Amino acid sequence: MGKGIIRLNGEDNVVIALADLAAGAHPEGVDGALIQAVPRGHKISVRPIRKGELVIRYGQIIGQATEDIPAFAHVHSHNLGMGPH
């Protein structure tokens, strides 16, 4: 866990913002600058996630990417959905 984010499992490809984070912010525990603002409680990709790839939070599948998601992007209903897994 870093300041500003929470990551409970090393397999997670997203972390959770603990505060509203501005585009360009570089929260501790994230290896790059955010490419867009992320509201508190929302997810941030920690690496590129391909369309159709499983999104993992807290070691659990929470859905699939509905489009390619670049590293350090906001992950939410606009690019995350459910599918067979």
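Strands β4 (residues 54–57) and β5 (residues 60–65) pair in the antiparallel sense, over 4 bridges. Strands are DSSP runs of E with at least two residues, and helices are runs of H or I with at least four residues, both numbered from the N terminus. Two strands count as paired if DSSP finds at least two bridges between them. The model is predicted, so local features need pLDDT of at least 70, side-chain atom pairs count only at pLDDT 80 or more, and totals for chains, interfaces and linings use all residues. Residues are numbered from 1 along each chain as its sequence is written, and side-chain values use heavy atoms, with hydrogens and water left out.

Arg57 stands opposite Gln60 of β5. The hairpin of β4 and β5 has 2 residues between the strands. Tyr58 in this hairpin takes a positive phi near 55°.

The protein chain has 0 helices and 7 strands. Along the sequence its pattern is β-β-β-β-β-β-β. The radius of gyration is 12 Å, close to the 12 Å that the globule rule gives for 85 residues, so the chain is as compact as a globular protein of that length. This radius is taken over C-alpha atoms, and the globule rule is 2.2 Å times the number of residues to the power 0.38. The C-alpha trace spans about 35 × 25 × 20 Å along its principal axes. The accessible surface comes to about 4,700 Å², with 52% belonging to carbon and sulfur atoms. Accessible areas come from the Shrake-Rupley method with a 1.4 Å probe; for residues, only the protein chains shown count as cover.

A second open sheet has 4 strands in the order β1-β2-β3-β6, with antiparallel pairing. Its edge strands, β1 (5–6) and β6 (74–75), each pair on one side only. Strand β1 is joined to β2 (residues 14–17) by 2 bridges. Ile5 has Ala17 of β2 as its bridge partner, and Ile6 has Ile16. On to β3 (residues 43–45), β2 is joined by 3 bridges, again antiparallel. Here Ile16 has Lys43 as its bridge partner.

Buried residues make up 42% of the 85 residues in the chain. Buried means under 20% relative accessible area, exposed over 50%, and partly exposed in between (1.4 Å probe, protein chains only). In soluble globular proteins, nonpolar side chains tend to be buried together. A nonpolar core is a set of buried Ala, Val, Leu, Ile, Met, Phe, Trp, Tyr and Cys residues joined through side-chain atoms within 4.5 Å. The largest nonpolar core has 11 residues: Ile5, Val15, Ala17, Leu21, Val30, Leu34, Val38, Ile44, Val46, Ala71 and Phe72. Apart from this core lies another, of 8 residues, including Ile49, Val55, Ala65 and Ile69.

Contact means heavy atoms within 4.5 Å. Beyond its neighbours within four places in sequence, Leu34 is in contact with Leu21, Ala22, Ala23, Gly24, Ala25, Pro27, Ile44 and Phe72. Among contacts between residues at least 6 apart in sequence, 45% join residues at least 24 apart.

Asn13 sits in the loop between β1 and β2. Asn13 is buried, with a relative accessible area of 1%. A polar atom of the Asn13 side chain lies 3.0 Å from the backbone oxygen of Leu54. Neighbours within four places in sequence aside, Asn13 is in contact with Ile44, Ser45, Val46, Arg47, Ile49, Glu53, Leu54, Val55 and Ile56.

His42 is placed in the loop between β2 and β3. His42 is buried, with a relative accessible area of 19%. A polar contact of 3.4 Å joins the side chains of His42 and His76. Such a contact is a pair of N or O atoms within 3.5 Å; within protein, one must be able to donate a hydrogen and the other to accept it, and residues adjacent in sequence count only if both atoms are side-chain atoms. With neighbours within four places in sequence left aside, His42 is in contact with Val15, Ile16, Ala17, His74 and His76.
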